[in-house]
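The sequence and the structure are shown first.

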Amino acid sequence: MVTKQFMGSANEADEADLRRADSLAREIFSDVANKWALLIIEALGERTLRFSELRDEVEGISHKMLTQNLRMLERNGLAERKVHPTVPPRVEYTLTEPGQALRATVDLICGWTHQYFGHIEAARRGFGA
């Protein structure tokens, strides 16, 4: 079942219903269920990283995509940005408690990918035959 049960109002339950096109839950899911967000969450793990360190960790991500995804993670309360008053400013990112909870799911997805990589690779080869 894709609907999360809430103790709150009916409006909150409506907002959490992934099947509704206008639900906040669907918007959140759309935000975090992209390859860059998942890879950033995995890279941050339980560490605090600077922007340049994150860019190095997430191979292939552009400066623009990293910036957009970090802002999205901040907006959703999944990552925190700390600016140190130095010249030049040093900016660090870390996962919040909800971000850490989501990371557990991301870790499961990564484990699933490793477990079934060979199977999926073989299926793709067979599909094109």
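## Contacts and surface

Among contacts between residues at least 6 apart in sequence, 40% join residues at least 24 apart. The model from which this value was computed is a predicted one.

The chain has 129 residues, and buried residues make up 28% of them.

## Secondary structure

Six helices and three strands are assigned in the chain.

The three strands form an open sheet in the order S1-S3-S2, and the pairing is antiparallel. The edges are strand S1 (49-50) and strand S2 (79-84), each of which pairs on one side only. Helix H3 (residues 35-44) packs on this sheet and touches S1 and S3. The direction of H3 makes about 95° with that of S3.

In general, the strands of a sheet pair through backbone hydrogen bonds, in either a parallel or an antiparallel manner. Here, S1 and strand S3 (residues 90-95) are paired in the antiparallel sense over two bridges. Arg-50 stands opposite Glu-92, a residue of S3.

## A cis peptide bond

Which form does the peptide bond from Val-87 to Pro-88 take, cis or trans? This bond is cis in the model, with omega near -5°. Pro-88 is placed in the loop between S2 and S3.

Notes:
Residues numbered from 1 in each chain as written. Predicted model: local features only at pLDDT ≥ 70, side-chain atom pairs only at ≥ 80, totals over all residues. Heavy atoms only, no water. Pairing = 2+ DSSP bridges. Helix = DSSP H or I, 4+ residues; strand = E, 2+ residues; numbered from the N terminus. Contact = heavy atoms within 4.5 Å. Axes fitted to C-alpha atoms, helices over the stretch in contact; angles between N-to-C directions. Buried < 20%, exposed > 50% of the residue type's maximum accessible area, 1.4 Å probe, protein only.
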